[in-house]
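Good morning, everyone, and thank you for making time for this. I would like to walk through one chain with you slowly, so please keep the picture in view while I talk.

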Amino acid sequence: MASGPPPDFPGGGRLWRYVRGAPKAELHLHIEGTLEPELMFEIAARNGVAVEGTVESHRIRRQSFKDLQDFLDLYYAACDVLKTEEDFRDLMYAYLQRAAVDNVYAAEVFFDPQTHTERGVPFDVVISGLHRGIVEGHRNLEIRANLIMCFLRHLSEESALSTLEQALPHLDKIVGIGLDSGELGNPPSKFERLFERAAGMGLKTVAHAGEEAGPEYILEALELLKVRRIDHGVQCLKDSSLVERLAKEGVPLTTCPLSNMKLQVNSRYFGGRNVTGQLLEAGLRVTINSDDPAYFGGYINDNFVRAVSDCNLTERDVYKMCRNSFTSSFLSDVDKAFCISQLDYHTIVSGYAAPPRNISIFGSRSPEPGSPEYEEARAIAKLLASRGFTVFTGGYSGIMMAGAHGAREGLDERRNSGGESEAQEVCGVLVPSLFAFREPLGNSYTTRPIVARSLTNRINHFCMNSEYFLACRGTIGTITELLYVWKYATIRNTIGVSLPKILVLRSNFEKPLEAFADAMKIFPEDRGLIQYVDSGEEILQVFEEDLKRRTVAATITLPPPFSTSN
Ligand SMILES: [Zn+2]
């Protein structure tokens with residue numbers, strides 16, 4: 001695996017890291033095309049199937065192809081080793097494991113049942129094995145994967161229809177249908193009845209179109225098959241009115257840069273150019289995918305890296321394509337919103353977007369209203385909220401309540417004076433499973449209760465929602481939260497992304513923290529990540545200055561959080 005950006009990579013290491021770490025969905029991936037030579041030989045050996053050559057000779061054979069058909073001949077031959085449910089499970093799991101490394105959050109995976117049923121492997125074996133891989137992959141790798149059943153377009157529509165019948169008992173394992181294999185001479189119109197029937201069964205529809213065949217295949221796929229996405233679709237560039245229509249209707253294109261290069265689509269149709277940049281400039285809803293990564297020299301991140309290098313793309317293009325991958329997916333709106341929030345967060349941490357005006361306040365649950373510690377935290381929170389900060393606290397009593405109390409006062413003050421405050425809240429991150437005896441929805445000042453399932457999940461909420469932290473007087477809980485964000489900052493410091501601002505009240509923390517840092521011989525650069533402050537004004541100034549700096553440096557304006565596809 002590559003350990004750094006290629007020499008021609010624009011934007012250097014920062015953009016490269018952004019690409020690699022960005023949450024993304026893969027929407028164009030044939031599971032049979034992920035069969036690496038090593039796994040092929042392993043499965044062949046246990047099934048007693050003879051395969052000619054060696055891992056190395058297969059690697060070499062896969063380095064170049066004349067065209068799509070040349071590749072397909074090799075691809076179908078490799079599939080001969082796949083016989084049992086275990087084989088299909090292993091194939092799926094191996095892909096998901098590799099995809100997790102590229103930070104794939106969701107995958108809509110094509111499989112070709114006819115490739116297997118035609119050689120005597122029962123449909124049930126294929127789908128049960130793939131499904132097992134998906135379930136295990138979700139448990140261990142946190143990837144939401146779904147299956148799209150593809151039909152081989154070089155076979156007849158009758159064959160496709162009878163395969164669809166075999167899928168009936170397994171519809172709960174399939175999200176949609178697609179159309180793949182040799183495109184030229186097998187137009188979408190050949191499968192009109194099939195797509196109508198599948199749509200009637202509630203299946204989503206996609207189709208390969210405009211990879212090697214012309215724009216008319218894309219039009220047919222849209223009009224006759226009524227597909228929701230076009231797989232490849234690069235040939236739309238040959239018809240400007242089609243480009244206009246695709247852009248206007250926001251039809252997703254699942255493009256595969258390395259595939260287009262390896263199958264000579266670029267050299268035969270586009271003068272050797274990678275057309276990703278041109279598609280983006282035309283305002284098309286482009287996504288990046290790997291197609292058949294075990295044959296085309298790379299997985300999804302390699303495809304992103306290739307496209308960014310070839311077309312001199314920016315972080316804005318990368319963000320847009322990653323976001324497109326989620327909005328164009330068949331995930332539920334709930335999952336889309338989650339994945340996009342993770343992408344936005346990655347963009348903020350990478351320094352390409354400004355952080356939200358949010359701050360997390362940590363502190364003990366003990367101080368009572370009227371005590372100096374309570375009133376100090378309340379005054380600080382009030383000042384921050386009166387300047388538009390959303391305050392996050394632990395939501396219960398003591399300093400948590402003082403923070404919420406002051407934040408509510410500041411918010412009310414702002415609202416009464418007509419300040420912009422629609423997005424501003426007083427957030428309490430509660431852990432009802434642990435604190436069943438406390439107020440179920442937190443203290444009365446909290447306007448937005450947020451539920452965490454565990455203590456660590458609660459700290460994660462603070463980190464995901466804010467880049468600004470303040471520790472007030474507290475004991476073990478506060479120290480735990482402080483150490484966590486401190487550690488988090490040290491990691492971010494070593495990988496060179498934006499840093500969170502961590503402030504602590506000098507009167508509470510200077511002595512114990514300095515003694516601790518001395519005793520533990522904590523590195524000066526790590527010690528420097530915590531800043532002592534004395535007053536609310538000083539806290540506000542530090543946060544405002546940092547926010548201003550990061551807003552000026554930002555190159556991506558994040559759209560409002562995703563809520564619904566409609
Ligand atoms: Zn494909």
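This is a predicted model: local features need pLDDT of at least 70, side-chain atom pairs count only at pLDDT 80 or more; totals for chains, interfaces and linings use all residues.

Let me begin with Gln-264, which counts as partly exposed because its relative accessibility is 24%; here buried means under 20% relative accessible area, exposed means over 50%, and partly exposed is in between, with a 1.4 Å probe and protein chains only. Gln-264 lies in the loop between helix 12 (257-262) and helix 13 (265-269), where helices (H or I, at least four residues) and strands (E, at least two) are DSSP runs numbered from the N terminus. The phi angle of Gln-264 is near 65°, a positive value in a residue other than glycine.

Residues are numbered from 1 along each chain as its sequence is written, and side-chain values use heavy atoms, with hydrogens and water left out.

Ser-181 sits in the loop between strand 4 (174-180) and helix 9 (192-200), and it counts as buried because its relative accessibility is 9%.

Now to the chain as a whole, which has 25 helices and 15 strands, and in which buried residues make up 56% of the 566 residues. Its C-alpha trace spans about 80 × 55 × 50 Å along the principal axes. For 566 residues a compact globule would have a radius of gyration near 24 Å, and the 27 Å of this chain agrees with that; the radius is taken over C-alpha atoms, and the globule rule is 2.2 Å times the number of residues to the power 0.38. If we take contacts between residues at least 6 apart in sequence, 76% of them join residues at least 24 apart, contact meaning heavy atoms within 4.5 Å.

Which residues does Val-426 touch, once its neighbours within four places in sequence are left aside? They are Val-391, Ala-404, Ala-407, Arg-408, Leu-411, Tyr-445, Thr-446, Thr-447 and Arg-448. Val-426 itself is in strand 11 (residues 426-430), and at 0% relative accessibility it counts as buried.

Finally, let us turn to helix packing. Two packed helices are described by the angle between their axes and the distance between the axes. Helix 1 (residues 12-21) packs against helix 16 (residues 300-311) at an angle of about 145°, with the axes 9 Å apart; axes are lines fitted to C-alpha atoms, for helices over the stretch in contact, and angles run from 0 to 180 degrees between N-to-C directions. Leu-15, Trp-16, Val-19 and Arg-20 of helix 1 make this contact with Asn-301, Phe-304, Val-305 and Val-308 of helix 16.

Helix 21 (residues 455-465) and helix 22 (residues 476-495) pack at about 50°, with their axes 11 Å apart. That angle makes helix 21 oblique to helix 22, since angles under 35 degrees count as roughly parallel, over 145 as roughly antiparallel, 65 to 115 as roughly perpendicular and the rest as oblique. On the helix 21 side, Arg-458, Ile-459, Asn-460, Phe-462 and Cys-463 meet Thr-480, Glu-481, Tyr-484, Val-485 and Tyr-488 in helix 22.
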